[in-house]
Amino acid sequence: MLGQVQASFRLYDARASCLTYLANSGVPDHILARWAGHANVKTTKTWCVKPDVEDLRPAAEAWGGLASAATPSREKL
């Protein structure tokens, strides 16, 4: 029917979230790569392990500092 959205979920859709959780919980990189079926640890870290909120906090603080920095006022012509 039009207007209805059928939500489908595959276990594969949660793959990056699960691998990120395991990485943040201290599971060694080589184990994560093996679990993901990758021969190269770099592939797993690049494509499957995503930064969490705490990883992003320093960047957010830097942007906050930029936004709150004093800016010179311009004279009206």
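This section describes the fold, the core, the helix faces and the charged pairs of a predicted model.

The protein contains four helices and zero strands. Of the 77 residues, 13% count as buried. The exposed surface comes to about 7100 Å². Carbon and sulfur atoms supply 60% of that surface. Contacts across the chain were also examined. Among contacts with a separation of 6 or more, 37% join residues 24 or more positions apart.

The largest nonpolar core has six residues. They are L19, A23, L32, A36, C48 and V49. Two elements each give two or more residues to this core: α1, spanning residues 15-24, and α2, spanning residues 29-36.

Helix α1 has a buried side and an exposed side. Its buried residues are L19, T20 and A23. Seen down the helix axis, these residues fall within an arc of 105 degrees, so they line one face of α1. S17 and Y21 are exposed on the other side of α1. The cover over the buried residues of α1 includes α2. After α1 comes G26, with a positive phi near 100 degrees.

Helix α2 was examined in the same way. L32, A33 and A36 are its buried residues. Their directions from the axis of α2 fall within an arc of 100 degrees, so these residues line one face of the helix. The face turned away from this buried side carries H30, R34 and W35, which are exposed. Both α1 and α3 are included in what covers the buried residues of α2. Just after α2, G37 takes a positive phi of about 85 degrees.

The following contacts leave out residues up to four places away in sequence. A36, a member of the largest nonpolar core, touches R15, L19 and T44. T44 lies in helix α3, which covers residues 41-47. The relative accessible area of T44 is 1%, under the 20% cut-off, so T44 counts as buried. With sequence neighbors up to four places away again left out, T44 touches L32, A33, A36, H38 and V49.

The cysteines were considered next. C48 has a relative accessible area of 6%, which makes it buried. C18, at 44%, is partly exposed. A search of the whole structure finds zero disulfides.

Side chains of opposite charge can pair when their charged atoms come close. Three salt bridges are found in the whole structure.

One of them joins R10 and D13, with the closest N and O atoms 2.7 Å apart. R10 has a relative accessibility of 53%, so it counts as exposed. D13 has a relative accessibility of 38% and counts as partly exposed.

Another salt bridge brings together the side chains of K45 and D29, at 3.4 Å from N to O. This pair links distant parts of the chain. K45 sits in helix α3 and D29 in helix α2, and the two are 16 residues apart. K45 is partly exposed, at 37% relative accessibility. D29 is partly exposed as well, with a relative accessible area of 33%.

E54 and R57 also form a salt bridge, in which the closest N and O atoms are 2.8 Å apart. Both residues belong to helix α4, which covers residues 53-68. They are three residues apart in that helix, so about one helical turn separates them. R57 has a relative accessibility of 38% and counts as partly exposed.

Conventions
Residues numbered from 1 in each chain as written. Predicted model: local features only at pLDDT ≥ 70, side-chain atom pairs only at ≥ 80, totals over all residues. Heavy atoms only, no water. Core = buried A, V, L, I, M, F, W, Y, C linked by side-chain atoms within 4.5 Å. Buried < 20%, exposed > 50% of the residue type's maximum accessible area, 1.4 Å probe, protein only. Contact = heavy atoms within 4.5 Å. Areas by Shrake-Rupley, 256 points an atom, 1.4 Å probe, with all protein chains shown as cover. Disulfide = S-S within 2.5 Å. Arc of directions from axis to C-beta. Salt bridge = Lys/Arg side-chain N within 4 Å of Asp/Glu carboxyl O.
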